[in-house]
Amino acid sequence: MSDREKVTLRTLFKKVEEGIPITMLTCYDYPTAHFQELAEVDIILVGDSLGMTMLGYDSTLPVTMNDMIRHTQAVRRGSPNSFLIGDMPYMSYQPSVESAIRNAGRFMAETGCDAVKLEGGSEMADRIAGIVSAGIPTMGHLGLTPQSVSALGGFRVQGRGAQQAKRIMDDSKALEDAGAFAILYEMIPSRLSKIITEKMETCFNISLGSGPHAHGQLLIYHDMFGLYPKFKPRMAKVFADAGKVIQDGLKAYVKEVREGEFPQPENWFSMSDDEFDQLMKSIE
Ligand code: KIV
């Protein structure tokens, strides 16, 4: 296990102040969380993207609070020291401020996470204010917001037009005023992200496909390791092709079993002659 100090909001704002970029990745399971802990990733997001990356749905909409709680608990066990954020799933906060506070509270109490994230602009500012007033740090999410993918017309860049860009800036201000400690911008133009970063006063900017002018970067774990079979978003960089390594390993396993090369003596267990003779007598 790593012996690094626990990452807190203080740690993160210190990095912002000192101009040290914040690292953030998604994660959904215990072994991956262990590796991210060893790599000293600052923020881990248990995203509702797990509906697509782990459960094989075509969108994030079928993901439930119980799904999120189970995966966030596993990630916390694997990474005790990262700043862990639970992603509020579809319809866990949209119906009312009360539902938002209740479900954010479940995340904190049942998983040991450090904060929650929710999607949406000024129309969700009261949800953020409510959760923050309950003492729960909250991250906003603007630009491409996958829970509204149908209304947004698909997985596409947001804010390329001046009018839509202005709306994202206004939403940003509303979330900052509501008390968000950070806002994630997914797939907005880099120039827009730069102005937003410069205007931020009390929160910080994390970019997912929104360029370098942010306080930190986020990638979806499955995209950076070639583990999502359906598509690879243009913004994602494949840092290592783990998908290929796993595929090659699986093919080798199937071949070796079929050809009698696996298992070998080091892969099985022995029994003494004495015990074996006794067993044979007892069943004769
Ligand atoms: O669910 C998720 O992983 C997310 C990212 C797309 C930002 O919200």
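I worked from a predicted model, in which local features need pLDDT of at least 70 and side-chain atom pairs count only at pLDDT 80 or more, while totals for chains, interfaces and linings use all residues. Residues are numbered from 1 along each chain as its sequence is written, and side-chain values use heavy atoms, with hydrogens and water left out.

Backbone. I noted that most residues other than glycine have a negative phi, and that most peptide bonds are trans. The bond from Phe262 to Pro263 is cis, with omega near 10°, and Pro263 belongs to the loop between helix 11 (242-258) and helix 12 (273-283); helices here are DSSP runs of H or I with at least four residues, strands runs of E with at least two. Glu40, with phi near 60°, lies in the loop between helix 2 (30-38) and strand 2 (43-46). Met91 has a positive phi of about 70° and sits between strand 3 (83-87) and helix 5 (97-111).

Ligand. I found 13 residues around the ligand, with Asp48, Ser49, Asp87, Lys117 and Leu184 among those that come nearest, where near means a heavy atom within 4 Å. I then looked up polar contacts, which are pairs of N or O atoms within 3.5 Å. A polar side-chain atom of Asp48 lies 2.9 Å from a ligand oxygen, the side chain of Asp87 has an N or O atom 3.0 Å from a ligand oxygen, and for Lys117 the corresponding distance is 2.9 Å.

Technical notes: A polar contact is a pair of N or O atoms within 3.5 Å; within protein, one must be able to donate a hydrogen and the other to accept it, and residues adjacent in sequence count only if both atoms are side-chain atoms.
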